[in-house]
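Please consider the sequence and structure shown here. The briefing that accompanies them is arranged by topic.

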Amino acid sequence: MAQPKVLFKGMLPPGWAAIDQARFAAHGFEAVIADRDEYQPEAIHYFSGFRPAPGFMKTLPNLKAIFSLGAGVDGFLRDPDLPRQVPLVRFVDPTLMHEMAQYVVMQVLMIHRGQRFFDAAQRDSAWRQRMLLRASRDTSIGMLGLGDIGSTIAASLLPFDFQLSGWSRSRKHIAGIKSFAGEEELPQFLAQCDYCICVLPLTDDTRGILSAKLFAQLPEGAWVINVARGGHMVEADLIAALDSGHLAGAVLDVFQAEPLPPESPIWLHPKITATPHIAALTDVKAALAFIGDCVARCESGKKLENVVDLNRGY
Ligand code: NDP
Ligand code: OXD
């Protein structure tokens, strides 16, 4: 019997188009790669990708479900023609969560331990010792967003004795992590963040949240790390807050325009570390298992997990 077809379009995990059809078949579906394979739009029941071109999904009249190959679904929700009656499932994967945590832990520890100072000293063949600026027990790290990824990052930072907190819409009860909830508690949360790490979904409520107004509420000398979406950051405000000396530095993995244009002042800013949206890339093995599981659930009438609430935007 023919297997259900899943049509793929948009940014796909590296090597996805080269995967042998037998490997997809082992996960219970046939892969159709748009722009490569011929297909009848009416015969497609499942669609998957990351940031598909707006208007594309409406060309598929018989969709039963859409599977996002990324944890963030803003690339689907920006489409004014998104078929809203079709469930949109987001990718929730432990490998991705751990990679995000590795990235943030690495960046925080590099800053906290002054690694760049020692790199420079080594380049000068100089034996330069330096104390930590502050012990971890006196350093507060706050996660803007305490969902799947934010809570994994916080849990990964726990053994290092930092003061940990998170801000979310709903109150959380996680051992060792102070919870701040809702708009009213945002100022209190920010006032105690030596490191402010953004892991929010990009929604109408969170777009542009990393702005002059927010930076002014952080303590003098705070660091900002954005691993969520470029749309959260008002880049000109960040540069102003760094240049004024209010913020000590920033680590950015995501940008308003991606790829970051060569003329962007971010590239050469001395207080910014920039990486090309690689904090976590979707793992092929995990993505195959995810889609296989979603297709099997749909075909057997089981409930889908991690369906996006379109009104909430995540
Ligand atoms: P989740 O949906 O699991 O968590 C989202 C968190 O944000 C929740 O704690 C939620 O609160 C909180 N939140 C949402 N809106 C608001 C608001 N208005 N006010 C306060 N809190 C809010 O998402 P994930 O943790 O899986 O992913 C987060 C984001 O990380 C993704 O959307 C994506 O943009 C980004 N990402 C980036 C990657 C990279 O490589 N750079 C890779 C993967 C993801 P509550 O719990 O109360 O609902
Ligand atoms: C994601 C991403 O959302 O890679 O998964 O940004």
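The structure is a predicted model. The protein is divided into two domains, domain 1 (5-93 + 282-300) and domain 2 (94-274). Ligand 1 is surrounded by 31 residues, and the protein covers 93% of the accessible area that ligand 1 has on its own. For ligand 2, the protein buries 87% of the area exposed by the ligand taken alone.

**Domain arrangement and interface**

- Domain 1 consists of the segments 5-93 and 282-300, while domain 2 spans 94-274.
- A distance of 32 Å separates the C-alpha centres of domain 1 and domain 2.
- Contacts between the domains involve eleven residues of domain 1 and nine residues of domain 2.
- Between them, domain 1 and domain 2 bury about 840 Å², and 50% of this area is on carbon and sulfur atoms.
- Of the area that domain 1 buries against domain 2, 57% is supplied by Arg51, Asp74 and Asp93, which is more than any other three residues supply.

**Polar and charged links between the domains**

- Three salt bridges are found across the interface of domain 1 and domain 2.
- Asp74 and Arg229 form a salt bridge in which the closest N and O atoms are 2.9 Å apart.
- Five residue pairs are in polar contact between domain 1 and domain 2, with both residues of each pair at pLDDT 80 or more.
- The side of domain 1 that touches domain 2 comprises five charged, four nonpolar and two polar residues.

**Surroundings of ligand 1**

- Among the 31 residues around ligand 1, the closest are Arg90, Ile149, Ser170, Lys172 and Tyr314.
- Backbone N or O atoms of Leu146 and of Gly147 each lie 3.0 Å from an oxygen atom of ligand 1.
- For Asp148, a backbone N or O atom lies 2.9 Å from an oxygen atom of ligand 1.
- On its own, ligand 1 has 940 Å² of accessible area, of which the protein covers 93%.

**Surroundings of ligand 2**

- The shell around ligand 2 is formed by Phe50, Gly70, Ala71, Gly72, Leu96, Arg229, His277 and Ala280.
- By class, this shell holds four nonpolar residues, three polar residues and one charged residue.
- Arg229 places a polar side-chain atom 2.7 Å from an oxygen atom of ligand 2, and Arg229 also forms the salt bridge with Asp74.
- A polar side-chain atom of His277 lies 2.6 Å from an oxygen atom of ligand 2.
- Ala71 contributes a backbone N or O atom at 2.7 Å from an oxygen atom of ligand 2.
- Ligand 2 exposes 210 Å² when taken alone, and the protein buries 87% of that area.

Technical notes:
Residues are numbered from 1 along each chain as its sequence is written. Chains are lettered from A and ligands numbered from 1 in the order in which they are written. This is a predicted model: local features need pLDDT of at least 70, side-chain atom pairs count only at pLDDT 80 or more; totals for chains, interfaces and linings use all residues. Side-chain values use heavy atoms; hydrogens and water are left out. Domain bounds come from an automatic or database domain assignment. Contact means heavy atoms within 4.5 Å. Buried area is the accessible area (1.4 Å probe) that two parts lose on being put together, summed over both. A salt bridge is a side-chain nitrogen of Lys or Arg within 4 Å of a carboxyl oxygen of Asp or Glu. A polar contact is a pair of N or O atoms within 3.5 Å; within protein, one must be able to donate a hydrogen and the other to accept it, and residues adjacent in sequence count only if both atoms are side-chain atoms. Ala, Val, Leu, Ile, Met, Phe, Trp, Tyr, Cys and Pro count as nonpolar, Asp, Glu, Lys and Arg as charged, and the others, Gly among them, as polar. A residue is near a molecule or strand if one of its heavy atoms lies within 4 Å of it. Accessible areas come from the Shrake-Rupley method with a 1.4 Å probe; for residues, only the protein chains shown count as cover.
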